[in-house]
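Subject: Structure handover

Hello,

The structure is below, with the sequence. My notes on what was found in it follow.

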Amino acid sequence: MDKSVIVENVTKKYKLYQNPSEKLLDIILPKSYGEDFYALRNVSFEANKGDIIGFVGVNGSGKSTLSNVIAGVVPQTEGTIKINGQPSLIAVSAGLNNQLTGRENIELKCLMLGFSKKDIKNLEPSIIEFAELDKFIDQPVKSYSSGMKSRLGFSISVHTDPDVLIIDEALSVGDKAFAEKCLDKMNEFKSQGKTMFFISHSIGQMKQFCEKAIWLEYGQIRMYGDVNNVIPEYEKFLNEYKKMTSEEKKEYRDNSLKKQRELNLV
Amino acid sequence: MSAMMTVIKEQIANFYLIRRLSLYELKSSNNNNYLGMLWELLNPGIQITIFWFVFGYGIRGGSDVEGVPFFHWMVAGLIVWFFINPSISQGSKSIYSRIKMISKMSFPMSVIPTYVIFSKLYPHIALTIIITIIFQFSGFPISVYYLQVPYFMFASVILLLAISLITSTLSTIVRDVQQIIQALLRIMIYMLPILWVTFKLPESLQAVMKLNPVYYLVEGYRHALLGEGWYITESISYTLYFWLIVLVLFFIGSILHLKFRRHFIDFL
């Protein structure tokens, strides 16, 4: 089967600085200042065309970082990412200008994505219809509710016809009816052979939407496989993790981070 | 050299994008005001009035500048400052204030300062037209020297682009740069022959002031609007110096921009 996304040994390193002067020294001097923090460490996986892959993991496990790196928003520190086609990231109200109206935002966003004047004119009615904004479309976005913003953002992104779609918690604010509509749209994409990544804390949505799942833990892949294998394991872990006392949780975190740091990169 | 070509190619390939985005920029920065874009003209008008009152009426006692009324002399130079000042300060913060919104790598980031500068160009053109009309009916009619205005407008845009490429990159990496730029801009208006007459200063001091390429633009606008002569050819060595500076700034700006643009988001 055709591979659409190949992620190889991707590492994303952030620097933690004690104070602003360390940051400045780090920029100016060749010597490294500050403590390294790995949001992603040596992550590799492959996705086939038409896969719907869910990212699960506790807070701070690197789900959002990974989705940003795949979308090309954040550059990786090491490793390579090969994407067959154009990725598009949908996050809540991502890339909307609050001062402008919904209609103006549609044109603005499409322009930035490289669409021509004619394309935008053709796309506009269906974007507005899908977003169900009615007369609010000519109001400034700052007056929108969070659900309206995410509907508009989702609507623009799906209409720009991306090859790889990354949905970061964007559906959690919409109501059930809109989520159903998005599911329909996603199934349509799936039949067209588009790859989708889905990030959510809702296990229910995950089971409903995804076929495969990646379980991230402290920037590393703990498990990758069929959703019916990964999710039960993850739920089992969550239950155990919940039962731990706060000291045990801290110890677990420290141990995992230590293991991650000590990992030898080949 | 190849860095410069990359940036220039991006500007040309995305010219439609620049035009549309600059209109939205203009719109979104004035949407909250009831008078809207009128403020882009009202603000300079208020400043011209107060500068004329303080420097022309108060300090100079209403005396002429070599036969030219102070009001006309000042406005002819001040008009380009009203374009340069906001363009540099907005252009410098253009990248770090928009990087979140433009969370797309395929978007050519070098056009961000460009469209911000373009959004300042429209009010500048409108102001130039209004000033031309005022001059027409107050003793300085349109002359053949007005042909220089488009040239100096073009020169201003290119200089601003070169400067903003540098400052927008630096201020994204180190945010303090923005404060330094604001301070420099506040000083710069007094270091130019806009509000006070500098040609009585010693030659050496004037020469130092002329190192600032904006000096060239101010004098150029003044020659064009007041019909004083062909500044481009009369000061040909200064013209060459100006374009050399622009080239050097553009060269440094392109290299800096391309070197850091992939990592802009990490500096937030």
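Predicted model: local features only at pLDDT ≥ 70, side-chain atom pairs only at ≥ 80, totals over all residues.

**Exposed and partly exposed positions**

A:Glu35 counts as exposed, because it has 11 C-beta neighbours inside 10 Å; a residue is exposed if 12 or fewer other C-beta atoms lie within 10 Å of its own, buried if 20 or more do, and partly exposed in between, with C-beta atoms placed from the backbone. A:Glu35 is in strand β2 (residues 35-48) of chain A, where helices (H or I, at least four residues) and strands (E, at least two) are DSSP runs numbered from the N terminus.

Residues are numbered from 1 along each chain as its sequence is written, and chains are lettered from A and ligands numbered from 1 in the order in which they are written. The model scores ipTM 0.73 and pTM 0.84. Chain B averages a pLDDT (the predictor's confidence in each residue, from 0 to 100) of 90, and 98% of the residues score at least 70.

A:Asn229 belongs to helix α8 (residues 227-243) of chain A. With 13 other C-beta atoms within 10 Å, A:Asn229 is partly exposed. A:Lys212 is 17 residues away from A:Asn229 in sequence and 8.9 Å away in space, C-alpha to C-alpha.

**Helix α2 of chain A, and phi**

Helix α2 (residues 63-71) of chain A is mostly covered, with eight of its nine residues buried. Among them are A:Leu66, A:Val69 and A:Ile70, along with A:Lys63. A:Gly72 follows α2(A) and has a positive phi, near 85°.

Most residues other than glycine have a negative phi. B:Glu66 is in the loop between α3 (39-59) and α4 of chain B; with 8 C-beta neighbours inside 10 Å, B:Glu66 counts as exposed.

**Nonpolar cores**

A nonpolar core here is a set of buried Ala, Val, Leu, Ile, Met, Phe, Trp, Tyr and Cys residues joined through C-beta atoms within 7 Å. The largest has 53 residues, and those with the most contacts inside it are B:Ile79, B:Val80, B:Leu217, B:Val218 and B:Tyr221. Helices of chain B that each supply at least two residues of this core include α2 (15-30), α4 (70-92), α7 (148-173) and α12 (236-260). α4(B) gives the most, with 13 residues.

Leaving aside neighbours within four places in sequence, B:Tyr221 is in contact (C-beta atoms, placed from the backbone, within 7 Å) with B:Ala76, B:Gly77, B:Ile79, B:Val80 and B:Phe152. A second, separate core has 44 residues, including A:Val69, A:Phe154, A:Ile199 and A:Phe209.

**Helix packing in chain B**

The axes of helix α1 (residues 2-13) of chain B and α12(B) come within 8 Å and cross at roughly 80°. Axes are lines fitted to C-alpha atoms, for helices over the stretch in contact, and angles run from 0 to 180 degrees between N-to-C directions. α1(B) is therefore roughly perpendicular to α12(B); that label covers 65 to 115 degrees, with under 35 counted as roughly parallel, over 145 as roughly antiparallel and the rest as oblique. The residues of this contact divide into seven nonpolar, three polar and no charged. Ala, Val, Leu, Ile, Met, Phe, Trp, Tyr, Cys and Pro count as nonpolar, Asp, Glu, Lys and Arg as charged, and the others, Gly among them, as polar.

B:Gly253 is in helix α12 of chain B and is buried, with 25 other C-beta atoms within 10 Å. Not counting residues up to four places away in sequence, B:Gly253 touches B:Ala162, B:Leu165 and B:Ile166.

The axes of α4(B) and helix α8 (residues 176-188) of chain B come within 10 Å and cross at roughly 175°, so α4(B) and α8(B) are roughly antiparallel. B:Asn85, B:Ile88, B:Ser89 and B:Ser92 in α4(B) meet B:Gln178, B:Ile181, B:Gln182 and B:Leu185 in α8(B). This contact has three nonpolar residues, five polar and no charged.

Regards

How values were computed. Contact = placed C-beta atoms within 7 Å.
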